[in-house]
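Work through the exercises below with the sequence and the 3D structure at hand, and try each task before you read its solution.

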Amino acid sequence: MALPLLPGASRDRNIGKEKFHKSQHWGYCNNVAMLVGEDKPGIGGEPLPGQKLKPKYSVFPEGIGSDAPAWVAFDKQVLSFDAYFEEEVPDKNQELYRIRHCKIYFYLEDDTIQVIEPQVKNSGISQGTIVRRHRIPLPPPHEDQFYTIDHFNINIEVILYARRYKIIDCDQFTKNFLRKMGVRLNPPAGRPDDPYTKERQKILDSMKPLRPYERIDTLKQFLEHNGHILRFFCVWDDPESMFHDPRELVLRYYLSDDTIDIKEIIPVNSGRDVVPLFLRRDKLPKYAPTGLYQPGTITSRTVLNVFGKLVGNRSRYILDNRKTGAVHQEFYRDSDLKIGAVINVWGRKIMLCDCDEFTKEYYRTKYGIEDFTPVSYKAPPPPKPEKTFPPYTGFGSEEDSLCSCMGLLPKPPQKDFKKFMEKDRSGMESNILRFLAKLVTDSPIDTDRKFIISYFLSDDTISVFEHIQQNTGILGGKFLERGRIKKPGQELFKSEPSEYFKAQNLFVGARVCFHGHNFLLVDADEYTFNYMEKHANEFSVADVGVILKKLKDIAESRSREVRQVFASSDPEHSKVIEYDPFRNLIVSITDGAFSEHEIMTLGRYYSVKDEYEMDLHFLLSVAQEQLKKNSFENFEQLSAVLTYNDREKCGVLPHEMCRTICKSFKLPVADDDLQALLTMFEDDHKQVEYKKFVDGLNWRENQIPAFQTIKVPLKNEDDWSGQPPSLPVKGIKYLPLLDDLFGKEE
């Protein structure tokens, strides 16, 4: 019960109210002032006393679903109803009315309705869209309102523009949606049949076609085997040819329609005309040729005249399922083709000699055939005569003279361009093997001369430079022009190509003869040692496995003696010996069977590695200097990407992930320096603390002063002066060597 409006006893009804706007109820229609807002609310949008507002759109229950607007929440959601309507057919005795079935679609996003009639064959009616999609008003007297979701249910009638539609059913989505809306669904109604359509269907079912048809369905075979072709290699011994030479053919059997075509393989310079096909694609009869048939003799179906000429000129034909009097032809199938079989191709006897892998797998799977031994039909080719070349004349190079014997038009010799591109200088990879050498001579003047022999891997050329020494009376510099050098002791004028020095012929301790000058290779630069050890499969003197096997074969019988010799060379029991005693021991054990390079390889492999302790400040200083030179300032973005990849927000990331992210930012830091920096910032679990890493690289905010001296001198191969080092290695751990040779001592 509401309180009366008495002074002091009534509450303020505007408390908490925020809207006080006034709706416009008056306006102009056709320039006449009139009341246009009969249904408009009062102040603040509240309804007037006694006023009931009519909903303009469908009202959905609150608290169910999302709070998004209808055009978002119900996007692409449509209610589908099955309906029909009766249409009167005037001036026609066969039918008085017609039942037309249709679909009613209600779009939830904007309450629009669409009516579509499915196409019916031979209906004679322009079917399709009956009512285009739009909002449809209710029938009078409520034509000022529109259809909403509340007006639809099963087994009810709706009137759309004076046409009465009977809704008989709906799809499952529509049923579920209406149940969620609180609508109690009616049971589905029956679907009536159109009497005229039903009568026409009876007439069509009772009619017999004047021309009987027999359906031959080959679609399944086509879909299963489209593109599947059996290929056989055949031979036809043509008896009418002049020389009775066999003709090579390729038979293709198409599994999609059981057709065959044959193509002839015509050899080069055979004198025969090239034709596209030996036999065009078609079904191949087994017993051909059998003569020509009259037109109409061979048909796909057979009919019988059941009346004959008994009833005037009328005739009655029916389909003959037994095919009485039909001409039957047998065609080749896949079961008739096999290796060694002879088939008849329009009077020509062709033998199947071989087939491809797909054909073998097909017969192996379908027919269980395992024997696919090919039939040999070709005579073995005659051996090619060995091509002999005249001896070298002495003019030009041997390769150039040989090219003049290869054809009428001489061409310059071809270079190995692929090898040149792979072994040419690229960045810090020079692909040049450099050795220090001295002359093997009795002359005291030439004994102290030093030479640098450079072998270029890109084209197998060699150049020799002499080291300049003061007050020797010998002018140093270029000693031998770059070029390929023949091995000594070869005949000059011969047909076989000469042998040249290869990279495998050059190693420390080797003796080589270049144009009458004998050289002894006494040392090599660091790049040469590293390259040969990296490509140990090409250089046996740098292959530790080969050297150990060779040493084991020599010293295995006196293993105890060898252990005692090594132990006596280490009186302090430090398990490390110097290089000179190690070299002397290997030479004495092998009796000089090992070259100097092999001994150096063993020493380098088992040497004590120099461990340099990297300084973090030095590395950061070098990295910041590189970043500053390349104007790299994307530290915030780098930190953001690292933080984004840290899904657990623990402040650390794996080493490889940090390296990949830095590479994606094209960080201008060498890969070795980047790996060392990331290792410096790793925690106990080998995870990189990326925030400290980025802060250390940020030269804008945390600049580190540059170092004036370098603690670890960098060695550049181009600065090698050719001076032999005092010792190749400092110390050698001999116990791992003995364990690899003879096994661990018990």
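This is a predicted model: local features need pLDDT of at least 70, side-chain atom pairs count only at pLDDT 80 or more; totals for chains, interfaces and linings use all residues.

Residues are numbered from 1 along each chain as its sequence is written, and side-chain values use heavy atoms, with hydrogens and water left out.

**Exercise 1.** Decide whether threonine 461 is buried or exposed, and find the side chain with which threonine 461 makes a polar contact.

*Solution.* Begin with the location: threonine 461 belongs to strand β19, residues 461–466, where strands (E, at least two residues) and helices (H or I, at least four) are DSSP runs numbered from the N terminus. Next, take its relative accessible area of 8%; buried means under 20%, exposed over 50% and partly exposed in between, with a 1.4 Å probe and protein chains only, so threonine 461 is buried. Finally, its side chain is joined to that of arginine 482 by a polar contact of 2.8 Å, a term for a pair of N or O atoms within 3.5 Å in which, within protein, one must be able to donate a hydrogen and the other to accept it, and residues adjacent in sequence count only if both atoms are side-chain atoms.

**Exercise 2.** Classify glutamate 224 by its accessibility.

*Solution.* Glutamate 224 is found in helix α4, residues 219–225. Its relative accessibility is 46%, so glutamate 224 counts as partly exposed.

**Exercise 3.** List the buried residues of helix α9 and name elements that cover them.

*Solution.* In α9 (residues 526–534), Tyr527, Thr528, Phe529, Tyr531 and Met532 are buried. Their cover includes α7, β17 (432–439), β22 (517–524) and α13 (596–605), with contact taken as heavy atoms within 4.5 Å.

**Exercise 4.** State how many residues the largest nonpolar core has.

*Solution.* A nonpolar core is a set of buried Ala, Val, Leu, Ile, Met, Phe, Trp, Tyr and Cys residues joined through side-chain atoms within 4.5 Å. The largest has 54 residues, and among those with the most contacts inside it are Ile462, Phe514 and Leu602. Apart from it lies another core of 27 residues, including Phe81 and Tyr165.

**Exercise 5.** Find which helix gives the most to the lining of the second largest pocket.

*Solution.* Both α6 (398–403) and α7 (417–423) supply at least two lining residues, but α6 gives the most, with five.
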